[in-house]
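This report looks at how two protein chains meet and at side-chain pairs within and between them.

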Amino acid sequence: MSKRKVKAMLAATLQGELLKPDDLRAYDIFKGVDLAPLERYPGTIARRRFKAGEVICREGEGGTTAFYLVEGRVRVFIQRKLDAQQNKNKPRRGGIIAWVGRMFGQRPIRHQPEHDADDLIPIDATVDLTYGRAAAEMGPGDVFGEMSCLNLAPRSATVVAETDCVMFEILRNMFEAMQASETFVKRMDDLYRERSLRGHLRNVPMFAEVEDEDLERLRNEVTLVHAKAGDVVFHEGDEADAMYLIRLGQVKVSQHAPGGERTLAYLTKGDWFGETGLLRGSTRNATCKAVAHPSVENVPGIKPAPIELVRIGHTEFAWLIEKYPRLRGKLEATAELRIRDQQRMAKTATITESHRVEELGLLQGQNMMLIDLDRCTRCDQCVDACVSAHDDGVTRLIREGPRYDKYLVPSSCRMCRDPVCMIGCPVGSIRRAEDLHIMIEDWCIGCEVCAKQCPYDSIQMHALDELGTDLGQEYEQLAEAGEVRQVTQQAAVCDQCADLPTGPACVYSCPHDAALRVNSVDFLEAMDVMDRDVHSGVVDE
Amino acid sequence: MLIDRKHTPWFFVTLLLSVATVALYLWDAPNHPSGPAGNTVLGIVFGSVALAIMLFLVALGLKRRVPHWRLGSAASWMRAHIWLGLLTPLLVALHGAFKLGGTMTTVLWLLLAVVWLSGVFGLLLQQALPTMLRHSVRQETVAQQLGRELDSLILLAEGKTQTMGKRIRVVTSGIVQRCVGLSLHETVPPLEGDALDDKAVAALVKRNDPIPGAEPIRRFYLDEVRPFLRGDTRAKLNDLSSSEAMFESVRTSSPTHLHKSVDQLETLCQRRRELLRQRMLMRLLMTWLFVHAPLSWALVLGSIVHGIIALRY
């Protein structure tokens, strides 16, 4: 985000009744909070009143304030593609050819994975949504918009007053001051422990079978940890003494590799890490570091929001494992999977000294699409195949991009070693699948953060015509009145046609053997050879 | 499709089939006192095989409509298409005992010849044109964007403007404005579209004080660059060597500090030439299909009718 834009966003003024320190001291939440910034910067907290049905903030829109709910109740929700049952009346596309294809089991890829109803959709609030019902209620004492306020991230959800409400709207400098207060932090921790922690723990698959009373014990015994952006939670090679669950912010998981660091993943709210070392009684096999949101990273004068973690210590972990022996099996399987992924990624650690390769970002690609321009007749069959292979009819491939020798590197996800697109999603809808491809969940709110983050223009925003919410009629009334902003676009990224037995449709359907998906190890080695050839004048660059 | 080592098996299969069918024909010929013909057993077999191959060949067009179906990779289909397509005229010739036959079969022969030759022509083009395209166009764009990209060049030169009542507001300034000092902030008659028309540019040029030394560039832009960027096919800048000479001459007659703008204008002209070349080569790569594909269907339908008539009567 540009400095000017950040400045403009921070210069926002509040509506409502501007408050002075004396107005706030009566409230529990402000007890122990240094209100001096409010003296210095009057107008950083306002009391807002909303009537029932009024929209407080809208998903995807820019926001710079946090809200503390004083009285009343609000409904928080996101728009998303509703499940097949609700779309069952939608006519199927493709006509008779598609019908014949379906008879013979030829189906396009369902572009989003299946989910359980309990799967968590993280939002910027003290409550979370679930895949089964992407709407929730909040009441007095709840806070929302913290990440928008501190990180200038887009609003992750729409909030509508369910009853007449009173709330405090807080600007960044005041919210930062509040966060510096131990009392405030403790209150927020208690609130989290009381309202959300249980859901977060339950959402970790390995705790799914833990009985309620044991989960309750775990909830009381875990430690809530606060870290600054850039803090290392643990280093590769450290003794494993705890596992962590992310409550707020993002964590980068990386490993040492020849020539530098290799990013394995960016984890976000609701994700967990550190269980492998605990389970195996070994040292850490990766470094985990708290990262800043891209909107505020390297912006002078802006302190990135803290990263909040739930620490499950070695003792609690061992107790759980002992009590639930089946848990060990599950954990072993997860750990095995993660190690296998790490080993597979380690194979791509071929380092090239070619500046050209670095310039084009080829080094990042773990599975790059290339088009041999000496073979390609520019028939666009690859693009047509991409459209045809996905049930949303959106191409993930644009046949444009930089060239290296006779190869075109088109705009299509290359499964980066450092997938920076995953940083900063306000609803955690972008993630890496087990086979390393990047996927975008259907609760994407179309804020474009990932598309802007991708250095290779490989994430496309596509228009949507049909979205809904779990609010039904209530939402329709708001939408008709123009009160809620329709989510009009979602992000799409190449999924490598992971569900197609034929492999990527673009490659499979190229009649000229021009489209390639290459293993980066093999290809970068070839690139090095080619690069030497370029320098010795054998081929033109 | 490039003919490479992957085609070797197909080459040998086609060669083998050709030799085998000719040998079969020669072995069978003495059995027919009036000479081999399409109505002999072997003649019917050759005809049926040729028809089956033709059906397979046109099926490639259908397969393209369902690119991700698991029917084999498109490249394998294309290899089969090429080599079986090359074999077909031989089978048809053996079927008709190297005779044209009646009117219908003559028409079918004619269709086959055009389809076969257009296919071979397309294949030959595919051996050379992609590489030519790569070398001559440094930065290609997708076909759908070509028109827009060509239109954008004049906007880059002159800037983008918007009519606001009787005034023109500059949305983005162009190379020419920056170089020769054409200020667009003055009141000029309202204009349609984004780029300025000739009349407006002439009005603006008259109205503004020229930047010292920019006159040769201004004149060159109005006389040569502008018509070229607007699509004048007779413009001298269409030719690379003329273009280089003309720009060199403008550089010589203008002060050094303006050379950067001249270079930028030259890049725009070069870009236009490349895009035009891309369009021409891409059309060449595709146009033959407009003959090949419909006539292939006509040939298949005609052959089916011919088969039904021949077997029935």
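## Aromatic pairs, salt bridges and the interface

Phe168(A) is buried, at a relative accessible area of 0%; buried means under 20% relative accessible area, exposed over 50%, and partly exposed in between (1.4 Å probe, protein chains only). This is a predicted model, in which local features need pLDDT of at least 70 and side-chain atom pairs count only at pLDDT 80 or more, while totals for chains, interfaces and linings use all residues. Residues are numbered from 1 along each chain as its sequence is written, chains are lettered from A and ligands numbered from 1 in the order in which they are written, and side-chain values use heavy atoms, with hydrogens and water left out.

Phe168(A) belongs to an aromatic cluster together with Tyr27(A) and Tyr68(A). Rings of Phe, Tyr and Trp (its six-membered ring) pair if their centres lie within 6.5 Å; planes under 30 degrees apart count as stacked, over 60 as edge-to-face and the rest as tilted. By this rule there are 12 aromatic pairs over all chains. The ring centres of Tyr27(A) and Phe168(A) are 4.9 Å apart and the planes stand at 90 degrees, so this pair is edge-to-face. Tyr27(A) sits in the loop between α2 (21-24) and α3 (36-40) of chain A and Phe168(A) in strand β11 (residues 165-171) of chain A, so the pair ties together parts 141 residues apart in sequence. Helices (H or I, at least four residues) and strands (E, at least two) are DSSP runs, numbered from the N terminus. Tyr27(A) is partly exposed, at 24% relative accessible area.

In the pair Tyr244(A) and Phe273(A), the ring centres are 5.4 Å apart with planes at 15 degrees, so the pair is stacked. Tyr244(A) is in strand β14 (residues 242-248) and Phe273(A) in strand β17 (residues 272-273) of chain A, 29 residues apart. Tyr244(A) is buried at 7% relative accessibility, and Phe273(A) is buried at 2%.

Four of them are listed here.

| Partners | N to O distance |
|---|---|
| Asp189(A) and Arg247(A) | 2.7 Å |
| Arg271(B) and Glu149(B) | 2.7 Å |
| Arg375(A) and Asp4(B) | 2.2 Å |
| Asp513(A) and Lys6(B) | 3.4 Å |

Between chain A and chain B there are 6 salt bridges. Arg375(A) lies in the loop between β20 (367-372) and α14 of chain A and Asp4(B) in the segment before α1 (8-28) of chain B, so this pair joins two chains. Arg375(A) is buried, at 14% relative accessible area, whereas Asp4(B) is partly exposed, at 24%.

In contact (heavy atoms within 4.5 Å) are 35 residues of chain A and 33 residues of chain B. The two chains bury about 3,100 Å² between them, 53% of it on carbon and sulfur atoms; buried area is the accessible area (1.4 Å probe) that two parts lose on being put together, summed over both.

Chain B has 10 helices and 2 strands. Of its 313 residues, 42% are buried.

Terms used. Salt bridge = Lys/Arg side-chain N within 4 Å of Asp/Glu carboxyl O.
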